[in-house]
Amino acid sequence: MPIWKKNLWLCCLSCFIVSIGMSQLAPMLPLYLAEMGMKGEAEIARWSGLIFGINFVTLAVSAPIWGRLSDRFGRKPMVLRASGWLAVIMLGFGFAETPEHLFILRLIQGALSGFLGAAVPLVAQETPKERSGWALGLFFTSQVSGALVGPLIGGWLIEAWSCRQAFIIVSAWCFLGFLALFFIHETFHPKPQAAAIPMKTVWRELPHPRLIVGLFITTLILQFSLNTIQPIVTIYIAALIPASSHIALIAGAVFAATGIASALAASPLGKLSDRIGASRVLFFSLVTAALCFLPQAFVSTPLELGILRFLVGIAGAGLVPSINALIRQYTPSDYLGRIYGLNQSAQFIGISSGSFLGGTLAGFTGIAGVFLVPGILLLLCALWFYIIAHRTEKIM
């Protein structure tokens with residue numbers, strides 16, 4: 001087996017394990033706070049939001065810093081640092097005594113971890129450019145699959161033991177992912193002098209800086225759009241079927257539809273991008289996502305919503321890997337960590353702003369606006385990206 005394929009499978013295995021661990025926090029957190037003795041739904045919800053959200057703020061700030069260090073010291077040390085630190089943080093969660101402890105741990109996690117932001121440059125760097133779409137799609141599949149399985153395993157762990165013990169077990173899983181990464185053989189040889197070059201100079205040396213900026217903005221709009229609906233899906237389903245006693249179960253199925261579709265479609269769409277070009281897959285995925293977002297405002301049943309969310313998941317599988325593949329294609333190897341770091345910042349800004357503004361937007365425009373606004377933004381983004389990509393040596 002070629003070295004790059006061995007590296008890819010090890011990264012996917014580690015990503016799957018780590019994603020299982022990372023995805024457990026959101027469903028566990030309210031139960032853990034209650035286990036600590038916190039009373040009142042409003043107080044638990046407030047602390048859950050603060051603890052969960054602070055991670056994305058520190059990730060957005062620290063991602064470019066770690067990206068620059070990966071250009072200086074190599075990709076492998078960064079993924080080892082991120083996965084190892086995540087295992088330590090999860091262990092700390094298992095011994096936390098107060099909500100303040102959890103808040104501080106999440107803040108530090110964002111500042112010092114960032115596994116996915118460290119792993120993507122490694123996968124992109126080690127994979128031949130002509131296979132990067134497939135490889136990044138496969139990596140995305142491992143990430144989404146772990147995130148889908150994680151909450152199910154987390155629920156079983158809580159039922160069998162407790163939240164505290166569950167976090168300790170999750171820490172052990174993350175440590176297994178950390179150990180798997182030791183077997184990676186990195187072929188990239190960092191150049192400290194290149195890492196010391198100022199960002200202004202790096203920007204001038206990029207062959208198509210406008211395209212890279214367009215990818216950053218596309219990432220931000222994509223994550224904003226995907227996360228605006230997170231706070232209101234359950235409310236929307238309750239409005240569609242007010243007499244049902246299975247709202248939570250149906251909402252969970254609707255949420256899962258997007259992830260399942262992404263996991264199934266990422267690798268085939270990655271292969272397609274290697275054949276016809278990542279820019280074309282990205283453009284048509286943006287249009288598809290927009291056209292699937294808009295009618296969600298007018299559905300009359302949860303089944304219709306679930307089908308449209310499934311289609312959004314397919315489109316999403318063509319977006320993230322294509323963006324990463326284009327960054328790989330149009331960024332010199334010596335600067336790959338920094339550019340991916342900036343793209344990660346755009347991603348986390350989109351996630352945090354979308355999650356925060358989703359409920360606010362629903363208050364101003366009604367629930368329909370939470371689907372219409374992202375749909376329009378994605379459509380405008382597709383048009384703008386088409387113009388930029390067409391002007392970039394006619395790559396469209």
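Leu211 is buried, with a relative accessible area of 0%. In this predicted model, Leu211 belongs to helix α11. Leu91 stands 120 residues from Leu211 in sequence, and the C-alpha atoms of the two are 41 Å apart in space.

Two packed helices are described by the angle between their axes and the distance between the axes. Helix α11 covers residues 209–228 and helix α14 covers residues 278–293; they pack at an angle of about 25 degrees, with their axes 12 Å apart. Angles under 35 degrees count as roughly parallel, so α11 is roughly parallel to α14. The crossing in which α11 passes α14 is left-handed. On the α11 side, the residues that meet α14 are Leu215, Thr218, Ser225 and Leu226, and on the α14 side they are Leu282, Leu286 and Phe293. Sorted by kind, the residues of this contact of α11 with α14 are 5 nonpolar, 2 polar and no charged.

The next partner is helix α15, residues 302–329. The axes of α11 and α15 come within 10 Å and cross at roughly 155 degrees. Angles over 145 degrees count as roughly antiparallel, and α11 and α15 are therefore roughly antiparallel to each other. Their crossing is left-handed. From α11, the contact takes in Ile212, Leu215, Thr218, Thr219, Leu222, Gln223 and Leu226; from α15, it takes in Val312, Leu319, Val320, Ile323, Leu326 and Ile327. The contact of α11 with α15 divides into 10 nonpolar residues, 3 polar and no charged.

Asn343 lies in helix α16, which spans residues 336–365. Is Asn343 buried or exposed? Asn343 has a relative accessible area of 3%, and under 20% counts as buried, so Asn343 is buried. Leaving aside residues up to four places away in sequence, Asn343 touches Leu215, Phe216, Thr219, Ile323, Asn324 and Ile327.

Leu215 leads on to the nonpolar core. In soluble globular proteins, nonpolar side chains tend to be buried together. The largest nonpolar core here has 108 residues, and those with the most contacts inside it are Phe139, Leu215 and Phe385. Helix α15 gives the most to this core, with 11 residues. Which residues does Phe139 touch, not counting residues up to four places away in sequence? Phe139 touches Cys11, Cys12, Cys15, Leu116, Ala119, Val120 and Val123. There is also a second, separate core of 5 residues, which includes Phe56, Ala60, Phe348 and Ile351.

Val254 is placed in helix α13, residues 247–276. The relative accessibility of Val254 is 6%, so Val254 counts as buried. Apart from residues up to four places away in sequence, Val254 touches Val233, Ile237, Pro302, Leu305, Gly306 and Arg309. Pro374 is 120 residues from Val254 along the chain, and their C-alpha atoms are separated by 18 Å.

Terms used
Residues are numbered from 1 along each chain as its sequence is written. This is a predicted model: local features need pLDDT of at least 70, side-chain atom pairs count only at pLDDT 80 or more; totals for chains, interfaces and linings use all residues. Side-chain values use heavy atoms; hydrogens and water are left out. Axes are lines fitted to C-alpha atoms, for helices over the stretch in contact, and angles run from 0 to 180 degrees between N-to-C directions. Helices (H or I, at least four residues) and strands (E, at least two) are DSSP runs, numbered from the N terminus. Angles under 35 degrees count as roughly parallel, over 145 as roughly antiparallel, 65 to 115 as roughly perpendicular and the rest as oblique. A crossing is left-handed if the near helix is turned anticlockwise from the far one by less than a right angle, and right-handed if clockwise. Contact means heavy atoms within 4.5 Å. Ala, Val, Leu, Ile, Met, Phe, Trp, Tyr, Cys and Pro count as nonpolar, Asp, Glu, Lys and Arg as charged, and the others, Gly among them, as polar. Buried means under 20% relative accessible area, exposed over 50%, partly exposed in between (1.4 Å probe, protein chains only). A nonpolar core is a set of buried Ala, Val, Leu, Ile, Met, Phe, Trp, Tyr and Cys residues joined through side-chain atoms within 4.5 Å.
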